[in-house]
Structure formats: C-alpha cells, structure tokens
Amino acid sequence: MSPSQAFIEESFKPASGHAMLVLLEFAFSGGTLRYVNNTEAVTSNGDVYQPLWFELELPENTEERLPNIRILADNVDLELARHLREHEGDPPVITLSVVTTIDLNVIEYGPVTLTVKSSGNRDVATLEINA
C-alpha cells in the first residue's frame, strides 16, 4: 500500500500538528493484544489500541544478513507480559502498521507481519523483541 499524498506532505514539513502513530498487534493463540505508541488509547478501523511506549530499531540496509527489527518497550502492560510468558514456545505473530492523526482509519504503511525470533527482558519494566 502506498502512502497517501497527505502523509507524504506531512512527513516533509519541518513542523506539523499531526503525529505518526505505530500500531502493533500481538496475535496469540488465545486472542490479540493491540498497542499504539501514544499516551492515550486510539481506535483505528474499529480496533482499540492501548497506549504503550515503545521504540522500533529498524534494520540496516545490508545484503549480508536478513533484516532484524527490534521492539523495545518500557512499563510493559501486565497482560502482554503474562501472554509472552504463557506462550513461551508459541510466540505471537506481530503486525505493524503506521497511521496518522489526520485519519486514524487510513493505514499509511503496512500492515507488515513480523515473526518473533527471540524475546528477552519480559518483565513489567522492559520488553525486547527481535523480529
């Protein structure tokens, strides 16, 4: 899916009144947990995403190895930490999408499906996932 013209224009402005939000869906065998890198919950396409501070480390552009995305989160939601522990041998499928506050129902990038390669620090303080 190509980004909208409004998204492209907002991306190149030195300052904007609109934010880009990353939506993460963790699909476990028992259900799906949804999070947004925002201070409050948002609804996108009928699904509610709970606030969670997280950072994405995108892969370097190299042909020598497969790309690896790291997701780092602080103050992890207790429900997410519990699901990760309970599904140790059956990691979730993670879906990443990007929306803007211009229209939360328009997916500007994605959805991208990520497979968990490893996860560490799964306590309620921090979470690190390599996908």
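Trainee: Before anything else, what do buried, exposed and partly exposed mean here?
Mentor: Buried is under 20% relative accessible area, exposed is over 50%, and partly exposed is in between, using a 1.4 Å probe and protein chains only.

Trainee: And what kind of model is this?
Mentor: This is a predicted model, where local features need pLDDT of at least 70, side-chain atom pairs count only at pLDDT 80 or more, and totals for chains, interfaces and linings use all residues. Residues are numbered from 1 along each chain as its sequence is written, and side-chain values use heavy atoms, with hydrogens and water left out.

Trainee: How many salt bridges turn up in the whole structure?
Mentor: Three. A salt bridge here is a side-chain nitrogen of Lys or Arg within 4 Å of a carboxyl oxygen of Asp or Glu.

Trainee: What does R34 pair with?
Mentor: R34 bridges to E25, with the closest N and O atoms 3.4 Å apart. R34 also bridges to D47, at 3.6 Å between the closest N and O atoms. R34 sits in strand β2 and D47 in strand β4 (residues 47-51), 13 residues apart, so the pair links distant parts of the chain. Strands are DSSP runs of E with at least two residues, helices are runs of H or I with at least four, and both are numbered from the N terminus. E25, R34 and D47 are linked in a network of salt bridges.

Trainee: Is R34 buried or partly exposed?
Mentor: R34 counts as partly exposed because its relative accessibility is 24%. D47, at 27%, is also partly exposed.

Trainee: Switching topic: how many residues are in the largest nonpolar core?
Mentor: It has 21 residues, and L24, F26, F54, L80 and I94 have the most contacts inside it. A nonpolar core is a set of buried Ala, Val, Leu, Ile, Met, Phe, Trp, Tyr and Cys residues joined through side-chain atoms within 4.5 Å.

Trainee: Which elements supply at least two residues each?
Mentor: Those include β1 (20-28), β2 (31-36), β6 (70-74), α2 (78-86) and β7 (93-100). β1 gives the most, with four residues.

Trainee: What about the second core?
Mentor: That one is separate and has seven residues, among them V36, V42, Y49 and V99.
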